[in-house]
Amino acid sequence: MNETSQRIQPAPVRKSVTVKAPPSRAFEVFTSGIGRWWPKSHHISAADLQTVIIEPRLGGRWYELAVDGAECEVGKVLVWDPPERVVLAWQLTGDWKYDPELVTEVEVRFIAEGEGFTRVELEHRDLERFGDRAEATRAQIDGPSGWGGLLQLFAGVAAQ
Amino acid sequence: MAYPERSFEALADPTRRRVLERLGAGPLPVGRIAEGLPVSRPAVSQHLKVLKDAGLVTDRAEGTRRVYQIDPEGLGAIRAWLDQFWAVALEAFQAEVEKDEETDA
């Protein structure tokens, strides 16, 4: 490991909400029913968002379906433990694009609370990886296939 | 709210990451941050300005010096963005779960 491996660890984003439903229902609506509540204003596809789908199993895809039928990846299921816990890989960058190399974790816990209530605790962590990927993306742009390479090619042609 | 892309851009620079790591241990004046870094003090000031604009660090005057520290909220803009997003999403989720419950009742 090089010296940059000692990094700033930003605090995870933590949110919780208590819903009037048992854990099994809260889990089901959060996962299989995600298309019914996911904010429609946020989408990756060029076309309008039709729905969002989480395949209900370990390793399942998490993706968007646009009105034109196009599918865009959001991430995948890392832990599938109904009705208590699900961990999703969130693989969208800050400009809302899918990056297969970026994996940040969203853990959601469903905790029974009183008669028919569930506390849903969400933690979105590994936020420092957004920074890592920004650096990698820039390295690609600076790399042989990016603008730098193009300029070298141009220099070579010009020198002939 | 700061735009998240600015945080990513700010973090993409290795020197700026070094500056942030140095501030990880606590607030420091510019002179101390610059010690041991392979860039000039004015360059460090410039990097600090970028970090500040991206919402990653804050500064305050201490006598004649300017002291910088990491935004106590963490990596400001990234967290602000996700915090806001999940707040809106969970509110919609709650409404949906409870709507279901009423339908079934």
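**Strands, sheet and helix**

Modeller: Gladly. Five bridges join β2 (residues 49-54) of chain A to β3 (residues 61-66) of chain A, and the two run antiparallel. Helices (H or I, at least four residues) and strands (E, at least two) are DSSP runs, numbered from the N terminus, and two strands pair if DSSP finds at least two bridges between them. This is a predicted model, where local features need pLDDT of at least 70, side-chain atom pairs count only at pLDDT 80 or more, and totals for chains, interfaces and linings use all residues. Residues are numbered from 1 along each chain as its sequence is written, while chains are lettered from A and ligands numbered from 1 in the order in which they are written.

Biologist: Which residue in the turn between β2(A) and β3(A) has a positive phi?

Modeller: The two strands form a hairpin with six residues between them. The turn residue with a positive phi, about 80 degrees, is A:Gly59.

Biologist: Which are the edge strands of the open sheet?

Modeller: The seven strands of chain A follow the order β1-β7-β6-β5-β4-β3-β2, with antiparallel pairing. Each edge strand pairs on one side only, and they are β1 (13-19) and β2 of chain A.

Biologist: At what angle does helix α1 of chain A run to β6(A)?

Modeller: Helix α1 (residues 23-30) lies across β1, β6 (104-112) and β7 (118-125) of chain A. Axes are lines fitted to C-alpha atoms, for helices over the stretch in contact (C-beta atoms, placed from the backbone, within 7 Å). Angles run from 0 to 180 degrees between N-to-C directions, and this one is about 155 degrees.

Terms used: Contact = placed C-beta atoms within 7 Å.
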